[in-house]
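Here is a short briefing for a first look. Take the strands, then the pocket, then the rings.

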Amino acid sequence: MRYNEKELQALSRQPAEMAAELGMRGPKKGSVAKRRLVKLVVNFLFYFRPDEAEPLGALLLERCRVAQEEPGGFSISFVEDLSRKYHFECCSQEQCQEWMEALRRASYEYMRQSLIFYRNEIRKMTGKAPCTPQDPLEQFGISEEARFQLNSLPRDEQTCTGSQLGVLD
Amino acid sequence: MKLNKRSVAHYALSDSPADHTGFLRTWGGPGTPPTPSGAGRRYWFVLKGNLLFSFESKESRAPLSLVVLEGCTVELAEAPVPEEFAFAIRFDAPGVRPHLLAADGQVAQEAWVKALSRASFGYMRLVVRELESQLQDARQSLALHRCVFQKSVTGCNKPQAPDRRAPGPENGHLFPRDRNSNGSVEERGSRPVGRDLTEWGLQGPASLLLSRGQSPVSPETSCFSTLHDWYGKEITELRRGWQQRAKGSQPESKQQSRP
């Protein structure tokens, strides 16, 4: 599977949700823990050798499971093979807890679930579906053109809810 | 650079909802040989979140390619041949050529451009916060109608961290308690803090709880224990964050804004 590596490398340079030097051990048997700069950016976890600018690798965090291992340590594995674990060592259980919570929230699927949760809550409160924004950016006065770079597209006054929202119906 | 490709491919094929799918013609991608007619190759594309996958066909069991869409802009494009309905995915990254794609018709083209433009993590977060804010408003108007919540602030719903008075630079807004030691719920209730809280970067039900000091005791809210656990988790982690900030042991990156 090809992928746009350059863009992903550029993403690794973006401001991170969390970043720290942790001990990291790959899933292969007999792998040794090494110090890595670990950086969480959107739904990717990048890891670098501590003094290098280019990431060694990235983990897409969709459908991952984050679990406490020994105190101060956690693991990430993926649903298709939960026994294959990436291990991380933190300097304290507190730091470990922080990372685990951040990683659990760091996926599109998690946000989708939040969306569903809020929609249901609103429905229950108001007895009707939320006036799901045609586009939340609309009210911030950001024009459709600027937002979507749709310079040539005619302005569509009757936009349907975004497909991401529509898919939840 | 390594990538957990097996997991990525598994995610592509999984039953997680696709935000958009359809056939598109592509000229792009490294390693794609040009077709003799220059008409582009037609593949099945699946958009999930900020990831665009392509497959040889609808039935393929392995993705051909992945385009990570963070940081991209989408615009209409001139196709190599007098082809209509083309658009390009452009990145800021140096040395990266735009990905050229073409739909089968204008409706499909518009739908794709819209879907791809909204495919960033940040956008989704915005939508979640918007709904969060609406839920807050719904709660408030419900409270006003019922005159129930004015008195129902319980101690446990207020954050206990004593260092709340020393917010980091990203916390542009102070709690009412900082002005008035009473911290009555009436005071909080009168202020629309929804937007301010989102500026703080608070996510999830915690921000609702903090702004209203309300307990979700409402006959309409089923599964209260689930809600309570959900809120509780967020409160705990926020408390930890405040305590850490107070100790000054915060890792530097926490102060950075999200992309």
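A hairpin joins β7(A) to β8(A) through 2 residues. This is a predicted model, in which local features need pLDDT of at least 70 and side-chain atom pairs count only at pLDDT 80 or more, while totals for chains, interfaces and linings use all residues; side-chain values use heavy atoms, without hydrogens and water. Residues are numbered from 1 along each chain as its sequence is written, with chains lettered from A and ligands numbered from 1 in the order in which they are written.

**Strands of chain A**

- Strand β7 (residues 73–78) of chain A pairs with β8(A) in the antiparallel sense over 5 bridges. Strands are DSSP runs of E with at least two residues, helices are runs of H or I with at least four, and both are numbered from the N terminus. Two strands pair if DSSP finds at least two bridges between them.
- A:Ser75 has A:His87 as its bridge partner in β8(A).
- Strand β8 (residues 81–89) of chain A also runs antiparallel to strand β2 (residues 18–25) of chain A, and 3 bridges join them.
- A:Gly23 has A:Glu89 as its bridge partner in β8(A).

**The second largest pocket**

- The second largest pocket holds about 540 Å³ of space.
- Its lining has 24 residues; A:Gly26, A:Pro27, A:Tyr47, A:Tyr86 and B:Lys2 lie nearest the centre. A pocket is an open set of points on a 1 Å grid where a 1.4 Å probe fits, with protein on both sides within 12 Å along at least five of seven lines; lining residues have an atom within 4 Å of a point.
- From chain A, β2, β3 (34–41), β5 (57–60) and β8 each supply at least two lining residues, as do β1 (2–3) and α1 (5–13) of chain B.
- The lining divides into 10 nonpolar, 4 polar and 10 charged residues.

**Aromatic rings**

- Over all chains there are 6 aromatic pairs. Rings of Phe, Tyr and Trp (its six-membered ring) pair if their centres lie within 6.5 Å; planes under 30 degrees apart are stacked, over 60 edge-to-face, the rest tilted.
- A:Phe44 and A:Phe46 are stacked, at 6.0 Å centre to centre and 20 degrees between the planes. Both are buried (under 20% relative accessible area; exposed is over 50%, partly exposed in between, with a 1.4 Å probe and protein chains only).
- B:Phe23 and B:Trp44 are edge-to-face, at 4.9 Å and 65 degrees. B:Phe23 lies in strand β2 (residues 20–26) of chain B and B:Trp44 in strand β3 (residues 41–48) of chain B, so the pair ties together parts 21 residues apart in sequence.
- B:Phe23 is partly exposed at 29% relative accessibility. B:Trp44 is buried at 13%.

Definitions and conventions
Points joined across faces, edges and corners; volume = space filled by probe spheres on them. Nonpolar A, V, L, I, M, F, W, Y, C, P; charged D, E, K, R; others polar.
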